[in-house]
Amino acid sequence: MIACNHLSYFDPVANSHAVLKAGRTPRFLAKDALFRVKVLGAFLRAHGQIPVQRGSGDQSPLQRARDALAEGEVVVVYPEGTVTKRPDHLPMQGKTGIARLALDAGLPVIPMASWGSARIWQKAGKGSLKPGRPIWSKVGDPIDLVPPAGGVADLATLRALTVEVMDALTALVEDLRARYPGRWAGDG
C-alpha cells in the first residue's frame, strides 16, 4: 500500500509511472466523479481503479482496497482526499482511511512523495506545460503502523497513526522541494 501527497491532477500519471517502473501495477482510490467522465471513466473501470464517494461514509471502497491488497496488488491512496490547498504545497491533514486500511490489511504503508507537478494541472488557475519540467518522486521507508493492544483502534489512535504517515510524507516532500532545480523551484 502506497500513500502519496497530492499536488495536482497530474499526480496519478507521475505516481503510476513510478509504480510501473518498479514492476507493479497500481490501483488507485479515486473520486467517483472521475468515473462519470465518459472516456476517462471507462479507462478507470477497465484498469480496476476504485471509486470513492467522498464524504458519504461508504466503506465499500476500503473493502475493495482490502481485497486488492489481499490479492497482492498495489493500492495507491492520497490520504488528504484531495489536492492540497496549502500555498506551500505541503501535505494537509490526512483522512484516517489510510490507517484503517493498513491495520485491517496488516501491511505497512509505503510513503511516496512527488514534487514538480503543482503548476501542470490544477482545478483552477493557469497551468503550464512548459517542456522539460522535472517531476520527482521519492519513496520512503515502509511504515509499520502498530495496532493498539487488543487490536481495535479508536478514532484517536487512527488519527495518531494517520499523522505518522502524513509526517513521513511531509518530510519526503520537504526534501524534494529543497533539492528541486532552481529554474523550476517557484513552480511547486
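Entry 1. I looked up how α4 meets helix α5 (residues 155-179), and found the two packing at an angle of about 100°, with their axes 8 Å apart. The model I am reading is a predicted one. I noted that an angle of 65 to 115 degrees counts as roughly perpendicular, and α4 and α5 are therefore roughly perpendicular to each other. Next I listed who makes the contact: I98, A99, R100 and L103 on the α4 side, and L155, L158, L161 and T162 on the α5 side. I sorted these residues by type and got six nonpolar, one polar and one charged.

Entry 2. I turned to the other helix pair. Helix α3 (residues 60-70) and helix α4 (residues 97-105) have axes that come within 10 Å and cross at roughly 40°. That angle makes α3 oblique to α4. I also checked the hand of the crossing, and α3 passes α4 in a right-handed one. From α3, the contact takes in L62, A65, R66 and L69. From α4, G97, R100, L101, D104 and A105 take part. Sorting the contact of α3 with α4 by type, I wrote down five nonpolar, one polar and three charged residues.

Entry 3. I compared the two lists for α4. R100 is in the contact with α3, and R100 is also in the contact with α5.

Entry 4. Which residues of α3 are buried? I found P61, L62, A65, R66, A68 and L69. They cover an arc of only 165° around the axis, so they lie on the same side of α3. I then looked for what they pack against, and the partners are β2 (26-31), β3 (50-52), β4 (74-77) and α4.

Entry 5. I looked at what comes after α3. The helix is followed by G72, and the phi of G72 is positive, near 85°.

Entry 6. I checked H89 as well. Its phi is near 65°, a positive value in a residue other than glycine. Where does H89 sit? I placed H89 in the loop between β4 and α4. Is H89 buried or exposed? The relative accessible area of H89 is 15%.

Notes: Residues numbered from 1 in each chain as written. Predicted model: local features only at pLDDT ≥ 70, side-chain atom pairs only at ≥ 80, totals over all residues. Heavy atoms only, no water. Axes fitted to C-alpha atoms, helices over the stretch in contact; angles between N-to-C directions. Helix = DSSP H or I, 4+ residues; strand = E, 2+ residues; numbered from the N terminus. Parallel < 35°, antiparallel > 145°, perpendicular 65-115°, else oblique. Left-handed = near helix turned anticlockwise from the far one by under 90°. Contact = heavy atoms within 4.5 Å. Nonpolar A, V, L, I, M, F, W, Y, C, P; charged D, E, K, R; others polar. Buried < 20%, exposed > 50% of the residue type's maximum accessible area, 1.4 Å probe, protein only. Arc of directions from axis to C-beta.
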